[in-house]
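Visitor: I have a structure on my screen and would like to learn how to read it. Could you walk me through it?

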Amino acid sequence: MEKTWNNKAWFLVLPVLLLVAFSAAIPLMTVVNYSVQDTFGNNAFFWAGTDWFDDILHSARFWEALQRNLLFSFIILAIEIPLGIFIALNMPKKGIGVPVCLVLMALPLLIPWNVVGTIWQVFGRVDIGLLGHTLAALGIDYNYVRDPLDAWITVVVMDVWHWTSLVVLLCYAGLVSIPDAYYQAAKIDGASRWSVFRYIQLPKMKRVLLIAVLLRFMDSFMIYTEPFVVTGGGPGNSTTFLSIDLVKTAVGQFDLGPAAAMSIVYFLIILLLSWIFYTVMTSSDADN
Amino acid sequence: MARTIKYKPAGNLSWLVSTIYIIFLLLPIYWLVNMSFKENSEITGAFSLWPQNPTLRNYMVIFTDPSWYNGYINSIIYVALNTTISVLAALPAAYAFSRYRFLGDKHLFFWLLTNRMAPPAVFALPFFQLYSAFGLIDTHIAVALAHCLFNVPLAVWILEGFMSGVPKEIDETAYIDGYSFPRFFVKIFMPLIASGIGVAAFFCFMFSWVELLLARTLTTTAAKPISAIMTRTVSASGMDWGVLAAAGVLTIVPGALVIYFVRNYIAKGFALGRV
């Protein structure tokens, strides 16, 4: 749409600006402030320069948490995106099945995140959970509290359960926007099932897939509540992601300086990702 | 005849894929519901696929104990506050973004986006200190304002998506007919994007409802949300699994009730209004 140049539009944006300034800009300034100071209590602060940043960037704990985060996001994308496309392709296109599928599939997305954690915590327990009990009955040694690998599998399966529907819904929205004429033309040309997918459906889904990949990457990158409830970051530190580590440092130990420095590094990573997201989205907006 | 030509998606077994997936989604939820109707002795003692002695005790505990049901009331209060604030603030802003170009508009839009993407963990500590300074800790409005961090940008994006679908000629005709901007906006424009407002409100409701970290950090007793009360029970009172399950089931209900109304827009909402 052709837009007119009008600086008075700033007045319309003002409420949002003030609100977000209060809930984002001011807190962020506090973080910057803490990240360069040290304190021994009593509200007495000393200039610490970039010490905290040095500490963070040289601490094995930070890098390990970051690696865990990246590995987690990678696994999540590798499973959820293909699975989501596959399910969306097989969803009913008309009839009573459509609303039923949409509503049931969206259900996990609306469950409070800690309840998602609780559900899987209970579900996976060997003594009272369906999953844990069944696996034990099959003779599989599974215990997410004790075994790091089992903990990882549980957290990954939980995230697949929680968020694959997002990919499905987005892909489905892309698929239903394809006009019937495309399929008719493909039929006349005798196109195979694979070419229909490769040359008609995939290009039409490109835009929504882009959104799905970026959203899933960013949200899995800042995951906190679900693994916190299920594993508490353990066993050991095996499922301690950046967010969990950060909250532990900031709210648990009240180490303001390191927590603030870590927040800023974390936030800069997210900022970079957001910038990529924004550039990709606006350029694909321009294509349309 | 040509109209009926359709590609059957992946053969006749396609319904099977959806069915298996839905069963996978519903099994853990079923297990929670199943547990919520059992006595604790049955949960820990005998393994059964459905309640042998169905009981409503767990739900009675929640509905009769103020420390439990107040959690639901607290959650609903701050979620409603947040939804109202977010949508009201986002409406004019979304209109500005969809109709005008102005100094710094793209930077502002990007800045809003970064807040949707910001990890709440980064904000937990500074929020605590900011709201302490204003004496707002443990109030509903504190949580409502904190959730504006990600809900206001989301509402702006969704509303902007819907508003861009309304032809600009409608605005111009209304101005020529002598409508003032506020009157035009409320009387003509808002009814046109009513579904968009509904969807934006739904998504604000949803993201405020599912968030725990900030809500827990900013409250102690008087405004404690139900999800935080649940986590406390897990660690403290010797694992009352039945009540925990019942509380979990009750947190799923509000979302399950409204989801039907937005089923066709849910993808658009998650895609930040861009499908």
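Guide: Let us go from confidence to overall build, and then to a single residue. Please keep in mind that this is a predicted model.

Visitor: Which scores does the model carry as a whole?

Guide: The model has an ipTM of 0.83 and a pTM of 0.85.

Visitor: And what is the mean pLDDT of chain B?

Guide: Chain B averages a pLDDT of 84, with 92% of its residues at 70 or more. Over residues 1-10 of chain B, though, the pLDDT is below 50, and this stretch makes 19 contacts in the model beyond near neighbours in sequence.

Visitor: Which elements of chain B have the lowest and the highest mean pLDDT?

Guide: The lowest belongs to helix α12 (residues 226-235) of chain B, at 68, and the highest to helix α4 (residues 66-99) of chain B, at 92.

Visitor: Now to chain A. How many helices and strands does its secondary structure come to?

Guide: Chain A has 12 helices and three strands. Its C-alpha trace spans about 80 × 70 × 30 Å along the principal axes.

Visitor: What does UniProt list for residues 66-277 of chain A?

Guide: An unreviewed UniProt entry gives them as "domain: ABC transmembrane type-1". In the model, this part of chain A is 75% helix and 0% strand, and its end C-alpha atoms are 20 Å apart. The unreviewed entry also lists residues of chain A under "transmembrane region", including 70-89 and 160-183.

Visitor: How far apart do the end C-alpha atoms of residues 70-89 of chain A lie?

Guide: They lie 29 Å apart, and the span is 100% helix. For residues 160-183 of chain A the ends are 31 Å apart, with 83% helix and 0% strand.

Visitor: What share of chain A counts as buried?

Guide: Of its 288 residues, 55% do. As for contacts between residues at least 6 apart in sequence, 66% join residues at least 24 apart.

Visitor: Let me try one residue. Is A:Thr118 buried or exposed?

Guide: A:Thr118 counts as buried because its relative accessibility is 5%, and the cut-off for buried is under 20%. This residue sits in helix α5 (residues 113-123) of chain A.

Visitor: Which residues does A:Thr118 touch?

Guide: Leaving aside residues up to four places away in sequence, A:Thr118 touches A:Val229, B:Met230 and B:Leu244.

Definitions and conventions: Residues numbered from 1 in each chain as written. Chains lettered and ligands numbered in written order. Predicted model: local features only at pLDDT ≥ 70, side-chain atom pairs only at ≥ 80, totals over all residues. Heavy atoms only, no water. UniProt positions renumbered as here; feature names shortened; annotations may be inferred. Helix = DSSP H or I, 4+ residues; strand = E, 2+ residues; numbered from the N terminus. Buried < 20%, exposed > 50% of the residue type's maximum accessible area, 1.4 Å probe, protein only. Contact = heavy atoms within 4.5 Å. pLDDT = per-residue confidence, 0-100.
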